[in-house]
Amino acid sequence: MQLMIYSKALFSTWIYYSPDRLLFDAGEGISSYMGNKIFAIKKIFLTHGHADHIAGLWGIINSRNNAMGDREKRLEIYFPKDSNAIREYFDFIKRVNSELKYELVFYPIDESDKILIKDNGNTKRFVVPFRVKHTMSEPAFGFNVVEERRKLKEEFLNLSKEKIVELIKKHGKECVTYSYEKKILTISGDTMALEPSIVEDTDLLLHECTFLNRKDRKGEIHASLDEVMELIQKTGVKNVVLYHISSRYESTADRIIKKVSNHFTDLNLEYVYPGKLWIR
Ligand SMILES: [Zn+2]
Ligand SMILES: [Zn+2]
């Protein structure tokens with residue numbers, strides 16, 4: 001299992017990414033769905049302060065304190081620094097849970113930040129927030145999970161493996177290779193369709209798609225299917241999961257999404273059925 005997602009627009013959304021034990025958003029019901037897996041969560045990233053994305057946080061914090069499991073494990077929560085709703089909610093949680101058995105840390109973040117989530121010597125991974133267009137009253141982020149990788153410099157491309165190893169031993173890897181960043185996961189958060197530059201070259205795009213029919217939308221705060229498909233076409237992203245779909249499409253989602261994805265060859269498009277757990 002790499003990803004576990006629950007998402008139903010207006011009600012609850014959360015995304016668990018198991019390779020790095022990250023939780024993106026924490027809509028209601030998450031603790032009962034995840035059960036003892038909540039002890040695996042290391043870091044929680046909140047996209048914004050709407051209740052359908054944060055209401056389950058209090059449950060997680062309490063369950064980790066009381067359920068059977070590793071109760072001493074520290075938990076870190078990252079949130080958009082100018083979200084008043086989230087700050088108020090945290091103040092309440094801190095007040096009513098003053099005697100936690102583990103360390104709970106809140107980190108306000110901004111779009112210029114880069115949060116290190118993994119460093120095993122060879123590979124470094126970061127979560128990089130970006131601002132998105134959602135409601136006026138609530139600042140909202142999406143997130144890229146980015147991996148720092150190394151590539152051979154052009155002037156060494158036609159050398160043998162042995163020769164390259166020798167050069168690295170002699171001069172260090174900085175001299176023979178250069179580092180670059182690869183997006184391995186993009187999570188849109190609640191937003192209109194993302195800017196192509198944010199999405200380009202990502203291995204997997206999770207994009208909100210509240211409206212499968214643009215005519216159903218009132219106000220420009222969520223994405224519609226045609227806009228997301230346009231983004232896919234522009235960027236050439238190959239793996240996409242649509243989520244945050246309105247429950248009004250429960251009976252029609254399959255037909256509508258299949259119809260549009262038929263026009264794309266080479267696209268692996270899936271969607272999180274509103275109200276059902278999605279696991280891959
Ligand atoms: Zn939402
Ligand atoms: Zn929202």
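Predicted model: local features only at pLDDT ≥ 70, side-chain atom pairs only at ≥ 80, totals over all residues.
Residues are numbered from 1 along each chain as its sequence is written, chains are lettered from A and ligands numbered from 1 in the order in which they are written, and side-chain values use heavy atoms, with hydrogens and water left out.

**View 1. The site of the zinc ion (ligand 2).** His 48 (NE2), His 50 (ND1), His 134 (NE2) and Asp 190 (OD) coordinate the zinc ion (ligand 2) at 2.2 to 2.4 Å, where donors are N, O and S atoms within 2.8 Å of the metal (3.2 Å for Na, K and Ca), and sites may look incomplete because water is not among the atoms. His 50 lies in the loop between strand E4 (43-45) and helix H2 (51-54), and His 134 in the loop between strand E8 (124-131) and strand E9 (141-152), so the pair ties together parts that are 84 residues apart in sequence; helices (H or I, at least four residues) and strands (E, at least two) are DSSP runs, numbered from the N terminus. His 134 is buried, with a relative accessible area of 8%, whereas His 50 is partly exposed, at 23%; buried means under 20%, exposed over 50%, and partly exposed in between (1.4 Å probe, protein chains only).

View 2. Asp 52 (OD), His 53 (NE2), Asp 190 (OD) and His 244 (NE2) coordinate the zinc ion (ligand 1) at 2.2 Å. Asp 190 bridges this ion and the zinc ion (ligand 2), the two lying 3.6 Å apart. Both Asp 190 and His 244 are buried.

**View 3. Strand E5 and its partners.** Six of the six residues of strand E5 (residues 75-80) are buried, so this strand is largely enclosed by the rest of the structure. E4 and E5 pair in the parallel sense over three bridges, where pairing requires that DSSP finds at least two bridges between two strands.
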